[in-house]
Amino acid sequence: MPETEPVKKSRPLLAAVLMLFAASDAFAQQELLSDPEIHEKKYFQERCGTVQFDSAFVIRQDINNDGLVDAVVNHGAAVCDGERGPGCNEDGCLYNFYLQVKEGGYFMIATARLYGYDFVQRFGNMVLAMKMHPRFCERAEGTEPCVVTSRVRGARFYTISRM
């Protein structure tokens, strides 16, 4: 039988695998929130002298097609000390995506900097069509926004297309 050479492991690959496990451990230990709206509003109330929230601050909808109503928080719909969307920049505003669990409570699955999003049906599934900075579709600054279409399955975002 021929002698085989040991397989050399790539340090970057090993580091990526370790980060994946570390991320899943952090995810597993995340504390459930009773209501993400209360949590997010408290965040702004602690940082702003005067704060107002538009009706688009929290949108409640089932984003992962599991029958439970989830929540999407738009930081661009907050006015902090007279400044609309504190933290928004040329890349857009922060959106936090929370999933509800059947045992009760919510956990955050993603944060994205977006210009906005639409929740649309594609091929029988509801998906997020997120408008993002053009560079996410390898386009130059000042061109049309990139639209990244993603499906949320379980607690993960899966990119379907970038246009």
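**Salt bridges in close-up**

**View 1. Glutamate 37 and lysine 41 pair through their side chains in a salt bridge (3.0 Å, N to O).** A salt bridge here is a side-chain nitrogen of Lys or Arg within 4 Å of a carboxyl oxygen of Asp or Glu. The model is predicted: local features need pLDDT of at least 70, side-chain atom pairs count only at pLDDT 80 or more, and totals for chains, interfaces and linings use all residues. Residues are numbered from 1 along each chain as its sequence is written, and side-chain values use heavy atoms, without hydrogens and water. Both partners sit in helix α2 (residues 36-47), four residues apart, about one turn of the helix. Helices (H or I, at least four residues) and strands (E, at least two) are DSSP runs, numbered from the N terminus. Glutamate 37 is partly exposed at 24% relative accessibility. Lysine 41 is partly exposed, at 24%. Buried means under 20% relative accessible area, exposed over 50%, partly exposed in between (1.4 Å probe, protein chains only).

**View 2. Aspartate 118 and lysine 131 form a salt bridge, with closest N and O atoms 2.8 Å apart.** This pair links distant parts of the chain. Aspartate 118 belongs to strand β8 (residues 116-122) and lysine 131 to strand β9 (residues 125-132), 13 residues apart. Aspartate 118 is partly exposed at 38% relative accessibility. Lysine 131, at 29%, is also partly exposed.

**View 3. Salt bridges with shared partners join Asp35, Glu37, Lys41 and Arg60 into one network.** The structure holds eight salt bridges.

**View 4. Glutamate 46 forms a salt bridge with arginine 47.** Their closest N and O atoms are 3.7 Å apart. Glutamate 46 is exposed, at 53% relative accessibility.
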